[in-house]
Amino acid sequence: MKTSVNLENAEITLEGIPPSNWSVILTNGRYTALVLYNGTGHSFYEHPTFNSIIKWIPKMNSQLGRFIYIKDMETDENWCLNLPLIYKFDTWKVNFGIGYLKIETIKNQISSELTYFVPVDKDLEYWLIKIKNESKRKKKLKIFSAVELSLGNLQPSILDPYAYELFVRTWVKDKTLYATKTLWNDKTTGKSEKSWDKIAFFSSDPAPESFDSLKSAFIGDGTIELPQAVKEGWCFESIANGREAVFAFQHEIEVEDDEEKEILISLGILNERTKPEAKIEIAKDDFKKMLLFYKNELIEKGVKIQTPDENINVFVNHWNKYQNWICFHWHRYSASNYVAGFDVVGFRDALQSILGILPLNQNICRERLLYLLKFQFKNGNTCHNFNPIDNFATPSNQSDDPLWLCITTFEYLKETGDFEILWQNFNYYNSDEESSVYEHLKRAIDFVLGLRGKHGLVLLRDGDWNDALNLAGINGIGESTLASMILLYTINEWIKLNKLLNIDVEKYEIERENLLDSLNKHCYEEYKKLNNTGWFIRGFTDDGEKIGSYFSKEGKIYIEPQVWAVLSEACDEERKIKCLKSAIEFLESTYGFLLLDPAYTKPDEKLGIITRFVAGEKENASFFIHANAWAVMAFSTLTGEFKDKAFEIYSKLLPLRFLNDRRYKAEPFVYPQYICGKDSPHFGEASFTWLTSSPTWMFKAFYECICGIKPDYNGIRITKPVFPSNWDKILLKRIFRNCVYEFKFERTGEFHIKFDGQKISENTLPPCGCGKIHLIEIFF
């Protein structure tokens, strides 16, 4: 395996077989294709389990997945471009790009190029096949394209296939294949009996010579690796009514020496903006349009950095933004290689995914924020999960959920200055009563303020940000230090906003002091045996036992309360420093900070599923990237004590540093959820890539904390950057409230700022909205 990155277009080239199923997610926000390194994977329209198109689930290889077969009529040899483990190739490599995946092969002096992509304005995916003859003689080839269908509800097509295939309907018209199902359930709970309201199609340019839609006919007495149709050299023109369905075409081409022929396959959903006609030249134009879209709307838009480190430039400007874009659309859905059959969206996941797109496109963020507002209940609580197909939601039993509605709104206001949104009225999920957005936020805070236990801390209930502490507060007694700190952070921002609006918030100032007192009195501990080292415990169980204390048998220290003590201003500077020093001493390792240590080795029903994971996996003492992003943010505020620690942690977790690290296993161009910890037998292996909150928070940590460019209610606040010592000059472009700010950083040893050539004493740039370009020189 050899992996490299193109510094111009950020394309990642893999020669050989990856150590795991690397993938890329392609989407226009409606149609989505998860494409693994070999072309297999899932496709869906608007919802992965309700409107599934391709039948596929992780770790099962029994389905046809976007396969392209070649049959050489002269030699009678057959091979599949997608199966390098089955067929021996002279060359087999795959290119992962922003918005596409391309497979390149050479076998039997036939070179091929297979590109998958989703256009920006059509609900389909294209497979563009190029075949070139390098044999020095004319070649007659037959090309087969095939994919297996689920059609509508994914779970029953996997779990109850014999029953659900009875509702399959396929037909052919003008050499285009169509398919649907006559049974579809569009309810999260309960059942609805109706036909699927979508029609999938399969078309090509040129038109096929033959087709199949019945899987058993296409496979015959062959295998998925070599179907009967391929061996015979033609399809059988079968129709799959009431049986397992595929879309399969057979094309025949004659290729002169050094000649190249092209075939286009189009798989999609028939609707007002998507027609079944496939044309090669139109698809090529759509590919250019897609690349231009990502250049204009992601790569060049909002914020862009130029540093001495090319890997950081490529990753932050391209892949980090692209992953944020994917997460904005699909959050934590069943759209990745790691999850199947998950119907609902996490409410706080959806909110946090807004933050990664906010500097790039405020309009869609505003629209999404107001959409999520409708999942708040009249008492101020929100849901924990929801389903956008039928808008199903139930009240959350995790105390931090309502606070993310506030935090995301605060960030939106800082970015846009759109304070008018606060006075727009919207109803609640369980009531037609309308209240202003301001009132919605106030009720969210008041609801969480009402969820406090005997120590004055926020109740843990079914868990907080760490869902795996799901039993520690299940009886409504256990308390969470982290949720209390998130509440404290929210109140701090609420007070700051209200002072800007000239609204009295004395009540919340009193609540802040009470919360500060509770946190410092009941949650902070110093240990003489450890030379007076101190840290904040993680909370209390229903039985009153401390979580994350030196006196705990396992899980003695957690990272979240140490870094949130800084982010929420929960204590004085001396304690902040002690907390971060404790994190370095007891939690830092090869890939940043462990979520906790030591790992749990025995299931503990007083804590929850966190103790049931293998040690070093998931929340049980892995390197959780999301929490490490918070650590970067915390360490950046105390650089006098910790110098380059913020950038050191950020750099350790930059995916591109793992380009050729087989132990890492996951895609080295997007963030995973976590890297296995030191106690795991799989130490150093990354997992759960693509759909995670990691990219959003690392993106914020880089620009706002390492670069020191932070949107605020009254403008851009500039803090001293925490660049590594070998960076002397850095350029950063930031669009903010209709102005373009071109930041030039230069290391001089003295921190000061110039605005359009004039030295300024303030470190906040008030928005002028003039639409012009401003030069900001930052000397540090």
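A crossing is left-handed if the near helix is turned anticlockwise from the far one by less than a right angle, and right-handed if clockwise. I jotted that down before opening this predicted model, where local features need pLDDT of at least 70, side-chain atom pairs count only at pLDDT 80 or more, and totals for chains, interfaces and linings use all residues. Residues are numbered from 1 along each chain as its sequence is written, and side-chain values use heavy atoms, leaving out hydrogens and water.

**Entry one: α8 and α9**

α8 passes α9 in a left-handed crossing.

Which residues of α8 meet α9? I found Gln-362, Arg-366, Leu-369 and Leu-373, and their partners in α9 include Leu-405 and Tyr-412. Contact here means heavy atoms within 4.5 Å. By class I read four nonpolar, four polar and two charged residues (Ala, Val, Leu, Ile, Met, Phe, Trp, Tyr, Cys and Pro are nonpolar, Asp, Glu, Lys and Arg charged, the others, Gly among them, polar).

**Entry two: α15 and α18**

Next I turned to helix α15 (residues 625–636) and helix α18 (residues 694–706), which pack at about 10 degrees with axes 8 Å apart. This pair is therefore roughly parallel. Among the contact residues I saw Trp-630 of α15 and Trp-697 of α18. The contact has ten nonpolar, four polar and no charged residues.

**Entry three: a sheet**

I then found an open sheet of three strands, in the order β21-β22-β23, with antiparallel pairing; strands pair if DSSP finds at least two bridges between them. β21 (345–346) and β23 (392–395) are the edges, each with a single partner strand, so one side of each lacks a neighbour in the sheet. Three bridges join β22 (residues 383–387) to β23, and Phe-386 stands opposite Ala-393.

The rings of Phe-44 and Trp-330 have centres 5.0 Å apart and planes at 85 degrees, so they are edge-to-face (over 60 degrees; under 30 is stacked, the rest tilted). Phe-44 lies in strand β5 and Trp-330 in helix α6, 286 residues apart.

Note on methods: Helix = DSSP H or I, 4+ residues; strand = E, 2+ residues; numbered from the N terminus. Phe/Tyr/Trp six-rings, centres within 6.5 Å; stacked < 30°, edge-to-face > 60°. Axes fitted to C-alpha atoms, helices over the stretch in contact; angles between N-to-C directions. Parallel < 35°, antiparallel > 145°, perpendicular 65-115°, else oblique.
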